[in-house]
Amino acid sequence: MTKVINDPSDFKEDMIAGMVRAYRRYFQRVPNATGVMVPSAPRAGKVSVINGGGSGHYPVFAGLVGQGMMDAAVIGDVFTSPSNEQAYRVAKAVASDAGVLFSYGYYNGDVMNFDMASMRLEDDGIHVETVLVTDDVASAPPTEHHERRGIAGGFFVYKALGASSARGDNLATVKAMGEHANAHTRTFGVAFDGCTLPGKSEPLFTVDAGKMELGLGIHGEPGIEVGDIATAQELAKIMSTRVLADPPDGASSDVAVIVNSLGRTSDEELFVLYKDVAGELEQAGLNVHETHVGRLTTSLDMDGCSLSLFWLDDELKPLLEAPADCPAYTRIGS
């Protein structure tokens, strides 16, 4: 459970205040809004890219605000979409003459509120586009890929959007690069135990002892099946099989990989898992170009992990390798 709190109702505000103080070299608070922004925004001629969603998933979303990544993030309450007013205020603060692009996971509340903010911005003469993250293969079949939830693979989408914007692409191109990245990203996750909301003594949901839930969502959305706790080798095979069963059209053999903790699972455990994931990918004939092991999308203190693959091509590889500097991720360049 979340133990380090003051008044549970102040959790989000206390968290934002702490983040801004800790990471002031990366971002500042958006005035009169629950969001953070890079001090250099807006910049003439540069598309302003903004992600956002509920708290409880750090480093997503604010941890990816910085040079070469997001220009701003809108921060909602724990597991709750930001309001359209907050999305509007954050976007107004960073909007440039080149336009604004919103990107976030496909959840009904986020879609509704960001769409309402987009309409208000368009009324103000600000051109807005949206890229939805839909990487969770457990949440819908390939025939309904546009209905999938956005989870840890969103990192690759945000990286592509940030790099495309940073190199000066126009709004249409930045959107196209983000959609291309999303189409080349797949994620599958498992949970061993639930999470507890700040101030609560009972978990939001539970997983039976000795069991794991396959495909359980980062807000406790139902998974697709329950199985016995597996060895790392068995788990690597299960996760790799699920992700590799749905490759993108025209997939190459070069991939980037994320082995992500949902909060409580340790980095040491993730490295054990990655050893076996790497073996599965090699057997499948894939070349691992880059790997990230750690916390990129969490669910408070949930015990679980996910595997994301990002199939690379001549357009996506330069975007992945472009420089970036934010609290959760730094890359000097290729």
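User: How do the axes of helix α2 (residues 84-94) and helix α3 (residues 108-123) cross?

Analyst: Axes here are lines fitted to C-alpha atoms over the stretch in contact, with angles from 0 to 180 degrees between N-to-C directions. In this predicted model, the axes of α2 and α3 come within 8 Å and cross at roughly 45 degrees. Angles under 35 degrees count as roughly parallel, over 145 as roughly antiparallel, 65 to 115 as roughly perpendicular and the rest as oblique, so α2 and α3 are oblique to each other. The contact (heavy atoms within 4.5 Å) involves residues including Tyr 88 and Ala 91 of α2 and Phe 114 and Ala 117 of α3.

User: And at what angle do helix α4 (residues 154-166) and helix α5 (residues 171-183) pack?

Analyst: About 155 degrees, with the axes 8 Å apart, so α4 and α5 are roughly antiparallel to each other. Among the residues making that contact are Phe 156 and Leu 161 of α4, plus Val 174 and Met 177 of α5.

User: Which residues of α6 are buried?

Analyst: An α-helix has 3.6 residues a turn, so residues three or four places apart point the same way. Buried means under 20% relative accessible area with a 1.4 Å probe, protein chains only; in α6 that gives Leu 235, Ala 236, Met 239, Ser 240 and Val 243. They cover an arc of only 125 degrees around the axis (taken from the directions to the C-beta atoms), which puts them on the same side of α6.

User: What do the buried residues of α6 pack against?

Analyst: Their partners are β7 (185-193), β8 (211-214), α7 (267-283) and β12 (303-311).

Note on methods
Residues are numbered from 1 along each chain as its sequence is written. This is a predicted model: local features need pLDDT of at least 70, side-chain atom pairs count only at pLDDT 80 or more; totals for chains, interfaces and linings use all residues. Side-chain values use heavy atoms; hydrogens and water are left out. Buried means under 20% relative accessible area, exposed over 50%, partly exposed in between (1.4 Å probe, protein chains only). Helices (H or I, at least four residues) and strands (E, at least two) are DSSP runs, numbered from the N terminus.
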